[in-house]
Amino acid sequence: MDKNDLINNFFKKYGNRDEKPVLFFSPGRVNLIGEHTDYNGGFVFPCALNYGTYLCIRKIKENKLKFSTLNFNEDEEVELKGQFVNEGKKWINYPLGVLNEFVKKSITITGLEFLYYGDVPNEAGLSSSASIEMVTAVAINELFNARLSTIELVKMSQKAENEFVGMNCGIMDQFAVGFGKKDHAIFLNCDTLYYENVPLKLNDCSLIITNTNKRRGLTDSKYNERRSECDKAVELLHAYKPIRNLSELSTDETGILEKYISDPVVLKRAKHVITENGRVTEAVNVLRENDLIRFGELMNLSHDSLKDDYEVTGNELDTLVYEGRKLPGVIGTRMTGAGFGGCTVSIVQKDHVAGFIKNLASVYQEKTGLAPDFYQPEIGDGARRIG
């Protein structure tokens, strides 16, 4: 959908063609390696995509917020009267949570009309929620001249999801959406927020995202349970050293885990986080040396750890990954996102992309009864105004 189509749909919804809306875009993201490390203060390596969320927005004189989306038929109106409250199981909680952060900063919000359109698949693990949050934050920041920095908008969006929506996510999603750079991935330390944009040279290969099409909601998954297990590991490891999070331990220290953690489940969770951080740092180094083969091997090792030690994959993701590895031209493939459904990310030689899609779709449908969707994205820039 191009800009003119979006604006025409806005006028159809709200009328008054004399006042043109402003158009913003915020990407989705895919994490190439470094899973379930973000909320453990670790390393991640995501990139922004050319899929994302579009927002047409316009100020109005009425003392209310009007929300609409082209993705489904659920229009909402909210009165402006101080801080907002969670609206139950409604999609507008994502933008409302962001708006609430502006209100808490004493930034006055006046009446607005919103029209959202997203081409990020919902519940696929590509951060459609962070994309909605950040496009809202960037738009409000500009329209009301709040002059907040990108990192402030990122933190506000994460806080909105944590405290308003109720999803206890780390900062990676909003950070990648806010700081994405075309043809680069982001090496991010989630503890210090130090980051580097690293060129992503795929050469004769393509990035392929495969959606399991197994529906799952993060708030209903084992996500919060994994967080508590990691917190338990940190608590037990205080007898070894006073760490704040698991990522303060290096891969050289994995051998001491058994001495301090007797619970085999908690032990495995800690092992995954520490070894995954090691894989991320190595992955960034080999990518800088243009060693895509080793990068792919590290992607494979990441998935194996997520399956065996962190136990967040499941039959659908494992089928895509392990059947995908059998196919020619596959450099590396792994689950991406929180798990229990969602997507895999693969690096595939361009000459083999068509065969990869055809053969993997066939075997996946045969084994799971589900039809997967495939995306061949470009790596794009972060949230911004586009019209």
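Is Glu297 buried, partly exposed or exposed? Glu297 has a relative accessible area of 37% and is partly exposed. This value, like the others below, was computed from a predicted model.

Glu297 takes part in a salt bridge with Arg294, with N and O 3.0 Å apart. Both residues belong to helix 9 (residues 292-308), where a separation of three residues places them about one helical turn apart. In an α-helix there are 3.6 residues a turn, so residues three or four places apart point the same way. Arg294 is also partly exposed, at 24% relative accessibility.

In total, the model contains 31 salt bridges. Side chains of opposite charge can pair when their charged atoms come close. Another such pair is Glu248 with Arg244, whose closest N and O atoms are 3.2 Å apart. Here Arg244 is exposed, with a relative accessible area of 57%, whereas Glu248 is partly exposed at 32%. Salt bridges also link Lys222, Glu225, Arg226, Glu229, Lys268, Arg269 and Glu311 in a network.

Arg385 and Glu142 form a salt bridge in which the closest N and O atoms are 2.5 Å apart.

The C-alpha atom of Arg384 is 7.4 Å from that of Val135, although the two residues are 249 residues apart along the chain. Leaving aside residues up to four places away in sequence, Arg384 touches Phe24, Phe25 and Val138. The side chain of Arg384 also reaches the backbone oxygen of Gly382, at 2.8 Å.

## Helix 3 and its surroundings

Helix 3 has 16 residues and spans 22 Å from its first C-alpha to its last, close to the expected 22 Å. The helix is mostly covered, with 15 of its 16 residues buried. Just after helix 3, Asn145 adopts a positive phi of about 50°.

## Aromatic pairs

How many aromatic pairs does the structure hold? There are 18. A pair of rings is described by the distance of the centres and the angle of the planes. Phe114 and Tyr116 are stacked, with 6.0 Å from centre to centre and 5° between the planes. Both residues are buried: Phe114 has a relative accessibility of 0%, and Tyr116 a relative accessible area of 3%.

The rings of Phe356 and Phe374 have centres 6.3 Å apart and planes at 80°, so this pair is edge-to-face. Phe356 is in helix 11 (residues 353-368) and Phe374 in strand 12 (residues 373-375), and the pair links distant parts of the chain, 18 residues apart. Phe356 and Phe374 are both buried.

Phe114 and Tyr116 also belong to one aromatic cluster with Phe67, Phe72 and Trp91.

Technical notes. Residues are numbered from 1 along each chain as its sequence is written. This is a predicted model: local features need pLDDT of at least 70, side-chain atom pairs count only at pLDDT 80 or more; totals for chains, interfaces and linings use all residues. Side-chain values use heavy atoms; hydrogens and water are left out. A salt bridge is a side-chain nitrogen of Lys or Arg within 4 Å of a carboxyl oxygen of Asp or Glu. Buried means under 20% relative accessible area, exposed over 50%, partly exposed in between (1.4 Å probe, protein chains only). Helices (H or I, at least four residues) and strands (E, at least two) are DSSP runs, numbered from the N terminus. The expected span of a helix is 1.5 Å times one less than its number of residues. Contact means heavy atoms within 4.5 Å. A polar contact is a pair of N or O atoms within 3.5 Å; within protein, one must be able to donate a hydrogen and the other to accept it, and residues adjacent in sequence count only if both atoms are side-chain atoms. Rings of Phe, Tyr and Trp (its six-membered ring) pair if their centres lie within 6.5 Å; planes under 30 degrees apart count as stacked, over 60 as edge-to-face and the rest as tilted.
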